[in-house]
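Keep the sequence and the 3D view side by side.

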Amino acid sequence: NANKTFEYRIMPYGEEHLLLIARDITRVSQLEAMRKDFVANVSHELRTPLTVINGYLEIMPESDDANPFMKKAMHEMETQTHRMQNLIEDLLVLSRIEASSERVYENVVNIGSMLALIEREAQALNKEKQHTIKFHIEDDLFVYGVETELRSACSNLVFNAVHYTPPGGEINVYWSRQSAGAQFSVIDNGDGIEPTHLNRLTERFYRVDKARSRKTGGSGLGLSIVKHVLSHHNSSLDISSEIGKGSHFSFVLDNELIADQS
Ligand code: ADP
């Protein structure tokens, strides 16, 4: 039936036979498509009113020190609008990646220039924390991929390391060729994450410490975006972490995705 979607599994059946199991998942995939559409539409619709609110907040005259309540209220409204904007932008990014039909093999990404941009942004973000952030990026590394997606994945991992490492920490970022492919890693010496949380971190809105994560202004969608980007590039996220020592986030883009420029 052309209108139906099936999921297939093949299992051994006795010594000589194979059993083919077809499951009708038409309803499940319709619901999933509706969910994705709904999230994308709601996020898009919320963007406009929020831009208006933010626009007015920006041009409001600074309240004088004589009215500390107003001053506090304005500050809180700005912080919360900013948080909501981040959340909506991330929801849209996630929807776009989920719906993406962009072919990974059609574009070549220059890793050096992509990371130069992320490095500048990370250093700007680092003003308060004063970490030592070092980038070790192999020269002339080119990969096939969707640049906006890969940039989003790498920057989320780098910015998380900046956010979740106490001031004065050390963060190292690597992109290098290994035997299995091109490897990206971010290593921090922050607080680390309890092992029980590790395999849930890439779920939407999953946070180890809700109150603390909110303070960073994060949306709770960062690692979920990373997971989707990587699955689009046929890769997956590796996380290892030790409490009190730090965390290590990495992924490998398969050798087939390395574009030889010579
Ligand atoms: P958020 O917007 O909350 O940062 P993410 O999906 O990017 O959302 O991350 C999910 C959670 O994983 C964070 O709330 C935080 O608890 C934890 N986390 C992510 N990166 C690190 C890191 N480098 N060190 C410690 N914890 C981290």
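A residue is called buried when its relative accessible area is under 20%. By that cut-off, Trp175 and Phe184 are both buried. Hold on to these two residues while we look at confidence.

This is a predicted model. The average pLDDT of the protein is 92, and 98% of the residues score at least 70. The model's ipTM is 0.98 and its pTM is 0.87. Where pLDDT is low, predicted coordinates should not be read in detail.

The largest nonpolar core holds 43 residues. Which residues have the most contacts inside it? They are Leu115, Leu157, Trp175 and Phe184. Several elements give two or more residues to this core, including the helices α2, α3 (111–125), α4 and α7. Strands β4 (132–137), β6 (170–178), β7 (181–188) and β9 (246–254) are also among them. Helix α4 gives the most, with seven residues. In soluble globular proteins, nonpolar side chains tend to be buried together.

Start at Leu115. Setting aside neighbours within four places in sequence, Leu115 is in contact with Phe135, Ile137, Val173, Trp175 and Phe184.

Next, the rings. The whole structure has five aromatic pairs. One of them joins Tyr105 and Tyr144, with centres 5.7 Å apart and 45° between the planes, a tilted arrangement. This pair links distant parts of the chain, 39 residues apart. Tyr105 sits in the loop between α2 and β3 (108–110), while Tyr144 lies in strand β5 (residues 142–144). Are these two residues buried or partly exposed? Tyr105 is partly exposed at 47% relative accessible area, and Tyr144 is partly exposed at 25%. Trp175 and Phe184 form a tilted pair as well, 5.3 Å centre to centre with 50° between the planes. Here both partners are buried.

Turn to helix α2. It has 32 residues and reaches 47 Å from its first C-alpha to its last, close to the 46 Å expected. Its buried residues are Met74, Thr81, Ile88, Asp90, Leu91, Leu92, Leu94, Ser95 and Ile97. What covers them includes α1, α4 and α7 (222–232).

Finally, the charges. There are eleven salt bridges. In one of them, the side chains of Arg47 and Glu89 meet at 3.0 Å, N to O. Arg47 belongs to helix α1 (residues 26–59) and Glu89 to helix α2 (residues 68–99), so this pair links parts of the chain 42 residues apart. Both ends are partly exposed: Arg47 at 30%, Glu89 at 33%.

A second bridge stays within one helix. Arg151 and Glu147 have their closest N and O atoms 3.6 Å apart. Why about one helical turn between them? The two are separated by about one turn because they lie four residues apart in helix α4 (residues 147–163). Arg151 is partly exposed at 29%, and Glu147 at 31%.

Glu203 and Arg200 form another bridge, with closest N and O atoms 2.9 Å apart. Glu203 is partly exposed at 34%, as is Arg200 at 39%. Glu32, Arg35, Glu98 and Arg204 are linked in a network of salt bridges.

Note on methods. Residues are numbered from 1 along each chain as its sequence is written. This is a predicted model: local features need pLDDT of at least 70, side-chain atom pairs count only at pLDDT 80 or more; totals for chains, interfaces and linings use all residues. Side-chain values use heavy atoms; hydrogens and water are left out. A salt bridge is a side-chain nitrogen of Lys or Arg within 4 Å of a carboxyl oxygen of Asp or Glu. Buried means under 20% relative accessible area, exposed over 50%, partly exposed in between (1.4 Å probe, protein chains only). pLDDT is the predictor's confidence in each residue, from 0 to 100. The expected span of a helix is 1.5 Å times one less than its number of residues. Contact means heavy atoms within 4.5 Å. A nonpolar core is a set of buried Ala, Val, Leu, Ile, Met, Phe, Trp, Tyr and Cys residues joined through side-chain atoms within 4.5 Å. Rings of Phe, Tyr and Trp (its six-membered ring) pair if their centres lie within 6.5 Å; planes under 30 degrees apart count as stacked, over 60 as edge-to-face and the rest as tilted.
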